[in-house]
Amino acid sequence: MSLFRNVVLAAALTGLVVGLVLTAIQSFSTVPLILEAETYEVAEQHAAAGAPAHEHEEESWAPADGFPRFAFTLLANVVTAIGYALILIVAAELAGGIGGWRQGLLWGLAGFIVFTVAPGLGLPPELPGMPAGPLDARQLWWLATAAATAGGLALLFLRRNLPLAVAGLVLIVLPHLVGAPKPDSFATDVPEGLHHDFVVAVVVSSLVFWALLGGVAGHLRSRSAGTA
C-alpha cells in the first residue's frame with residue numbers, strides 16, 4: 001500500500017509541475033500558431049458555405065479566448081501530465097525502479113520517442129483547418145504505433161538478447177510499413193510555413209515536457225523510495 005501511495009503521489013506532483021511548465025511554454029509557442037490557423041479555418045468554412053465572412057454560424061462549444069481558454073488548457077495539461085507520469089513511473093518500477101533524476105531523464109526521452117517521435121512520423125501535428133484521415137483510424141494507428149514502439153524499445157534495451165533485439169526493431173518499424181491513415185485530399189488554406197512552425201513548436205515543447213517529466217518523476221520517486 002505504501003508503494004502505491006508513493007507512486008501516485010510522485011505522479012501527481014510531477015504532473016502538476018510539468019503541466020504548469022508546459023502551459024507556460026505553449027502560451028507563447030503553439031497557442032499563437034493555433035489561433036492564427038483558426039482564422040484560415042473560419043474563412044474556409046464560410047467560403048464553403050457561400051456565406052459572407054462576417055456572418056456567424058452556430059458552432060460547437062469551445063472555451064472563450066483569454067483566461068477561459070488558458071484555464072482549460074492548463075487543466076488538460078496537468079491531467080495529461082499526471083497520466084503520463086503514472087505510466088512512466090509504473091513502467092520504471094516494473095523494470096527495477098528509477099535511481100534518480102538522471103535515470104528519470106532517460107525514461108522521459110524514451111517516452112518522447114514512444115509518444116511523440118514515432119507517431120509523429122506518420123501523423124505529424126495538425127493545425128485547425130488542415131485535412132486529416134478518419135478520426136477512428138488515426139487514433140487506432142497512433143495507439144498501435146505507441147504500443148509497438150514501447151514494446152520494441154523494451155526488447156532492445158531491457159533484454160540483452162539478439163533475437164529479441166531484432167524482434168524489437170521489427171515492432172518499431174512495422175506500423176510505418178503499414179502506414180498511417182491519410183486524407184482524401186491535402187488541399188488546405190493553411191500556409192505551409194505556418195504548419196512547419198507548428199510542427200517544430202510541438203516537437204520542441206514535447207521534448208521539454210518529457211525530459212522534465214522524467215527528471216522530476218525520477219527525483220521524486222527516488223526520494224520517496226529512499227525515505228521508505
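I take the bend at a residue as the angle between axes fitted to the seven residues ending there and the seven starting there. The model I am reading is predicted.

**Helix H4**

I looked up the bend in H4 and found about 35° at Ile 113. I then checked which residues of H4 are buried, and noted Phe 112 and Val 114 among them. Four glycines are also on that list, Gly 104, Gly 108, Gly 111 and Gly 122.

**Largest pocket**

I read a volume of about 1200 Å³ for the largest pocket. Its lining has 33 residues, and those nearest the centre include Gln 26, Glu 126 and Phe 198. Helices H1, H2, H3, H4, H5 and H7 each give two or more residues to this lining. H7 has the largest share, with eight. By class I noted 20 nonpolar, 10 polar and three charged residues.

**Second largest pocket**

The second largest pocket holds about 650 Å³. I found 21 lining residues, with Trp 107 and Ala 110 among the closest to the centre. H4 gives the most, eight residues, and H3 and H5 each supply at least two. The lining has 18 nonpolar and three polar residues, and no charged ones.

**Val 204**

Is Val 204 buried, exposed or partly exposed? I classed Val 204 as partly exposed because its relative accessible area is 47%, and that class runs between 20% and 50%. Val 204 sits in helix H7, residues 192–227. I also looked up Ile 25, which is 179 residues from Val 204 in sequence but 9.8 Å away in space, C-alpha to C-alpha.

How values were computed:
Residues numbered from 1 in each chain as written. Predicted model: local features only at pLDDT ≥ 70, side-chain atom pairs only at ≥ 80, totals over all residues. Heavy atoms only, no water. Buried < 20%, exposed > 50% of the residue type's maximum accessible area, 1.4 Å probe, protein only. 1 Å grid on protein atoms, 1.4 Å probe; cavity = no way out; pocket = protein on both sides within 12 Å on 5 of 7 lines; lining within 4 Å. Points joined across faces, edges and corners; volume = space filled by probe spheres on them. Nonpolar A, V, L, I, M, F, W, Y, C, P; charged D, E, K, R; others polar.
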